[in-house]
Amino acid sequence: MGGIFLILLLFVYVALWVRSNNLQQIHTKIEGSDVTIKKGDIFEQPDFKVIAFNEYLDTQVDDKIISSNSLNGIFINSHLDTSVVDLDRHIENYPFEDEDVVGENPERKSGKKTRFEIGSICVYGEYLLTAFSKFDDKNRARLTMPEYLSFLINFWDRVNRVYAQKSVSVPIFGSGITRIKEHKNISDEDLLKIMLWTFRISEMRFKYPAKLTIIIHPDKMDTINLLDIKSSNNGL
């Protein structure tokens, strides 16, 4: 009987391990909002899709200001339904809130001059373009942890204003080229948990049938334990 019991325990352990390593998505509720976390392509999602830009909302994909391999670069090069000039004109004429515009940086040598508050959003068709990363004088993306938290709080607040009861799909912010200063080794799973925590404490609430979807790039799936996040109360 003892041997049978040990075999059953081993079978359960293996089954849970296989399930954990092959789990592709989870569904949960956070303060009444439906939230899905899944592997996928953000460009294939319905309704609003969030694309993270830098604080200048630059559109120059030259592998210096914007990398062609970044989500930002892929959006501009492969999914933009108009010219970059038209996109720039749309951003320039967009009715931002007064607090969204930080000011001008006339000394900037490359790229745009107008700097936006991180977390600001420009609605462009089915996309939400958000100012995410800060740039130093050499156009290197950087963000401290307090700035990352500030971005998320501001971002959820802006989403609450513009989502118009549509579903919103977001990437794991900070999972790409932009890294968190002094937290270079922070994992994608940790970033995901921070996103869930800030969403919970924000005032953002999706009304049914709208929902929040957090998209995990297929290359990142091995770094995130969705079963652990699901079983630990939304990762919080």
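**Close-up views of a predicted model**

**View 1. The whole chain, and how its contacts span the sequence.** Of the contacts between residues at least 6 apart in sequence, 70% join residues at least 24 apart. Keep in mind as you browse that this is a predicted model. Its secondary structure comes to six helices and 10 strands. The protein has 236 residues, and 44% of them count as buried.

**View 2. Strand 10, covered on both faces.** Let's zoom in on residues 212-216, which make up strand 10. Five of the five residues here are buried, so the strand is largely enclosed by the rest of the structure. Leu212, Ile214 and Ile216 lie on one side, Thr213 and Ile215 lie on the other, and all are buried. Buried here means under 20% relative accessible area.

**View 3. The partners of strand 10.** Which strands pair with strand 10 in the parallel sense? One is strand 2 (residues 33-39), which runs parallel to strand 10 and is joined to it by five bridges. In this pairing, look for Lys39 of strand 2, whose bridge partner in strand 10 is Ile216. Another is strand 9 (residues 168-171), which pairs with strand 10 in the parallel sense over four bridges. Here Val168 stands opposite Leu212, one of the buried residues of View 2.

**View 4. A nonpolar patch on the surface.** Now for the outside of the protein: Met1, Ile4 and Leu8 form a nonpolar surface patch. Together these three residues have about 390 Å² of accessible area. Leu8 belongs to helix 1, which covers residues 2-22.

How values were computed:
Residues numbered from 1 in each chain as written. Predicted model: local features only at pLDDT ≥ 70, side-chain atom pairs only at ≥ 80, totals over all residues. Heavy atoms only, no water. Buried < 20%, exposed > 50% of the residue type's maximum accessible area, 1.4 Å probe, protein only. Pairing = 2+ DSSP bridges. Patch = residues over 30% accessible without salt bridge, like charges linked within 9 Å, V, L, I, M, F, W, Y side chains within 5 Å. Areas by Shrake-Rupley, 256 points an atom, 1.4 Å probe, with all protein chains shown as cover. Salt bridge = Lys/Arg side-chain N within 4 Å of Asp/Glu carboxyl O. Contact = heavy atoms within 4.5 Å.
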